[in-house]
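Here are my notes on the model you sent.

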There are 2 protein chains.
Amino acid sequence: MELLHSFHTNRRKLIGALAAVLVSTGAILSAAPAQVQDDPMPSWNDGTAKQAILDFVAATTKEGSPDFVPPAERIATFDQDGTLWVEHPMYTQVIYCLERVPVLARAKPELKEVEPFKTVLSGDREAMAKLTMHDLEKILAATLTGMTVDEFSAQVADWLAKSKDARWKRPHTELTYQPMQEVLQYLRAKEFKTYIVTGGGQDFVRVYSEKTYGIPPEQVVGSAGGTSYSYDSAGKPILTKEPKLLLNDNDAGKPEGIHLMIGRRPLAAFGNSTGDEQMLEYTKAGDGARLTMLVLHDDAEREYAYGPAQGLPDTKVGTFTQTLYDQAERDGWLIISMRKDWKRILAEGN
Amino acid sequence: MELLHSFHTNRRKLIGALAAVLVSTGAILSAAPAQVQDDPMPSWNDGTAKQAILDFVAATTKEGSPDFVPPAERIATFDQDGTLWVEHPMYTQVIYCLERVPVLARAKPELKEVEPFKTVLSGDREAMAKLTMHDLEKILAATLTGMTVDEFSAQVADWLAKSKDARWKRPHTELTYQPMQEVLQYLRAKEFKTYIVTGGGQDFVRVYSEKTYGIPPEQVVGSAGGTSYSYDSAGKPILTKEPKLLLNDNDAGKPEGIHLMIGRRPLAAFGNSTGDEQMLEYTKAGDGARLTMLVLHDDAEREYAYGPAQGLPDTKVGTFTQTLYDQAERDGWLIISMRKDWKRILAEGN
């Protein structure tokens, strides 16, 4: 049995390695049906959601179509947390901020006796759950501001390289949704510019957006604080992150941020929570063909299930209310059901 | 003589028309020396400035060069007023604001009796020259805020189509510098992303940036006010321009704005006044080959002459101090002399 198991394991590894070589060299398995090769979104089940994406792209990119849009105007915006990657049990950036507190306390031991840092350092999850919004703001200010923008990028990159999600035991940047990666790639292949429009911190997401999503830093719109320009002791110019919020990129802040940072109305917008409502409204209100979609987390087994729309469990992280669900039905926004629409959930090794 | 003159004039016109056809169809005059066709910047005289641009592009884009930079990181930023187009005798956007006051007064006759609008409406230039900064802010607030972003774009587009520069009797958008248009095009041909980074209003410049410079709205960074998201009487989402400054994109605000809007340090930066000092410092402080240049307006005959650097007349519009000139020499920023470096100044009909 041991030998047989070993044989099967090695055989599987061999097939995996072979497939990887074939994929990486662009070779095509002649036995594979042609339609598999032609499908730009192979991780999607056939259905309304997938068809809507294909139809929208055809309508806006085929010359002669009444809804044709020139490439320069093809803008698609994507919320990140819960839309492009896993946001439960907690937003990755919040985990970062909490895990950064012990590092701060090593540099500044006096923090160990000061709240809310004392509670975070205690590791007492019940006490941490009782922290107020004001407490959280103190933690965000201490971990996201006060350093230069280059220092901050290095701190985030360092953490991302080491930290793993508790459930999957994989780096957070590997917990992106394969079906959404396919949408990003498909839209870019059709000359759309893909943007992240996130309530998360712009500087945080920019550290990994290019590698993780193929989205360059200049196409990340997020909550953004001010910086101040000065010189270090060697006279070299530096930009320091200040605790001054310039853009709260949630709710109405999303269309406001889109105007500030992009200056064009998107043709397509993807979200998953009430924080995306105004971005979808704003997108849909433009002329011609528009695509507005919401990811519904209804797959407790493969990922998570939360709403409270459609009787799903309530949550404070990525809330999708029944009101939002009803608005989607009324306004022609489409629901992506993780359970029904996605063949697989997580992307592998990016 | 009259006949001879007429013949020469017509001959010149004919040759001009023929050349235009050949250029527009991409045909190459076989008699023309190859180097003329190969020169990406034909409006520049040979010299230090032109050579510095060519050398920088070669160093950063040739595979194998020690200073090679991947295309994704090739960012070049350009101040607008006085760097890409004429800024004297007054910034175009300020002319817009002043010329917009009579339009406002027709809609709101009560303004006719309120300062500073009363003075602007009087047309008394001496009185207008005495307006304070506070007065100017009232005029900017009244003409640049309070409307939706779409209404504002339409108002600016309408004005640009009608208004002409007093000296050249041509639309303002035709008063761009041909040599700088060539730099923009050359850098883009070498896979640089070209950005405008202007102290002027971001929403103002975005109206014409694509048509005038080939720079899309999302690559315009400028002074930016907040907007507020709401709904019109038909329930359609609107963004209204608010009198709340988010980014003053001058001086230290330029590197701060570059970080906010682009998130990468430029490889090349072009300016012409003290307001560009920090942008050039920040650009030059990066590793590897960097190009930092300042346009010196030293051509009173073909354009304007102002400094007060190098004994040129002093000005409040686009001030280029001797201190800035000295810093340029010390830090390896290059001076572009309009008089010596540019064969021609204005671009034609864009």
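This is a predicted model: local features need pLDDT of at least 70, side-chain atom pairs count only at pLDDT 80 or more; totals for chains, interfaces and linings use all residues.

1. The buried set is Gly253(A), Lys254(A), Pro255(A), Gly257(A), Ile258(A), His259(A), Leu260(A) and Met261(A). Note that Lys254(A) and His259(A) are in that set.

2. Next, the sheet of chain A. Seven strands make an open sheet in the order β4-β3-β2-β1-β5-β6-β7, and the pairing is mixed. β4 (237-247) and β7 (334-337) of chain A are the edge strands, each pairing on one side only. From one strand to the next, the twist averages 35°. α12(A) packs on this sheet and touches β1 (75-78), β2 (193-201), β3 (220-231) and β4 of chain A. The direction of α12(A) makes about 130° with that of β2(A).

3. One pairing is worth checking on screen. β6 (residues 291-296) and β7 of chain A run parallel and are joined by four bridges. Within this pair, Leu294(A) has Ile335(A) as its bridge partner.

4. Helix α13 (residues 277-284) of chain A deserves a look from two sides. In its own chain, α13(A) lies across β1, β2, β5 (268-271) and β6, at about 160° to β5(A). α13(A) also lies across β3 and β4 of chain B, where it runs at about 95° to β3(B).

5. How are the two chains related? Chain A superposes on chain B by a rotation of 180° with 0.0 Å of shift along the axis, at an RMSD of 0.0 Å. This is the relation of a two-fold axis. Both copies use the same surface, as 100% of the contact residues of chain A recur in chain B.

6. Now the nonpolar interior. Nonpolar side chains tend to be buried together in soluble globular proteins. The largest nonpolar core here has 58 residues. Those with the most contacts inside this core are Trp44(A), Phe78(A), Met180(A), Val183(A), Phe270(A) and Trp342(A). Another core, of 57 residues, lies apart from it and includes Trp44(B), Ala49(B), Phe152(B) and Ile196(B).

7. Which residues does Trp342(A) touch, leaving aside its neighbours within four places in sequence? Its contacts are Ser43(A), Trp44(A), Asn45(A), Tyr177(A), Pro179(A), Met180(A), Val295(A), Arg302(A), Ile336(A) and Ser337(A). Trp44(A) and Met180(A) are also among the core residues with the most contacts.

8. Turn to helix α9 (residues 178-189) of chain B. Its 12 residues reach 16 Å from first C-alpha to last, close to the 16 Å expected at 1.5 Å a residue. Nine of the 12 are buried, so α9(B) is largely enclosed by the rest of the structure. They are Gln178(B), Pro179(B), Met180(B), Gln181(B), Glu182(B), Val183(B), Leu184(B), Tyr186(B) and Leu187(B). Their cover includes α3 (48-61), β1 (75-78), β2 (193-201), α11 (209-213) and β5 (268-271) of chain B. Just after the helix, Glu191(B) takes a positive phi of about 65°.

9. The sheet of chain B is also open, with seven strands in the order β4-β3-β2-β1-β5-β6-β7 and mixed pairing. β4 (237-247) and β7 (334-337) of chain B each have a single partner strand, so one side of each is left without a neighbour in the sheet. β2(B) pairs with β3 (residues 220-231) of chain B in the parallel sense, over four bridges. There, Ile196(B) stands opposite Val220(B).

10. Why call strand β6 (residues 291-296) of chain B largely enclosed? Six of its six residues are buried, so the rest of the structure largely encloses the strand. Side chains of a regular strand alternate between the two faces of the sheet. In β6(B), Leu291(B), Met293(B) and Val295(B) are buried on one side, and Thr292(B), Leu294(B) and Leu296(B) on the other. β5(B) and β6(B) run parallel, joined by four bridges. Ala268(B) stands opposite Leu291(B).

11. Last, the overall figures. Chain A has 15 helices and seven strands. Of its 350 residues, 50% are buried.

Key. Residues are numbered from 1 along each chain as its sequence is written. Chains are lettered from A and ligands numbered from 1 in the order in which they are written. Side-chain values use heavy atoms; hydrogens and water are left out. A nonpolar core is a set of buried Ala, Val, Leu, Ile, Met, Phe, Trp, Tyr and Cys residues joined through side-chain atoms within 4.5 Å. Buried means under 20% relative accessible area, exposed over 50%, partly exposed in between (1.4 Å probe, protein chains only). Contact means heavy atoms within 4.5 Å. Copies are superposed by least squares on the C-alpha atoms of residues with pLDDT of at least 70 in both. The expected span of a helix is 1.5 Å times one less than its number of residues. Two strands pair if DSSP finds at least two bridges between them. Axes are lines fitted to C-alpha atoms, for helices over the stretch in contact, and angles run from 0 to 180 degrees between N-to-C directions.
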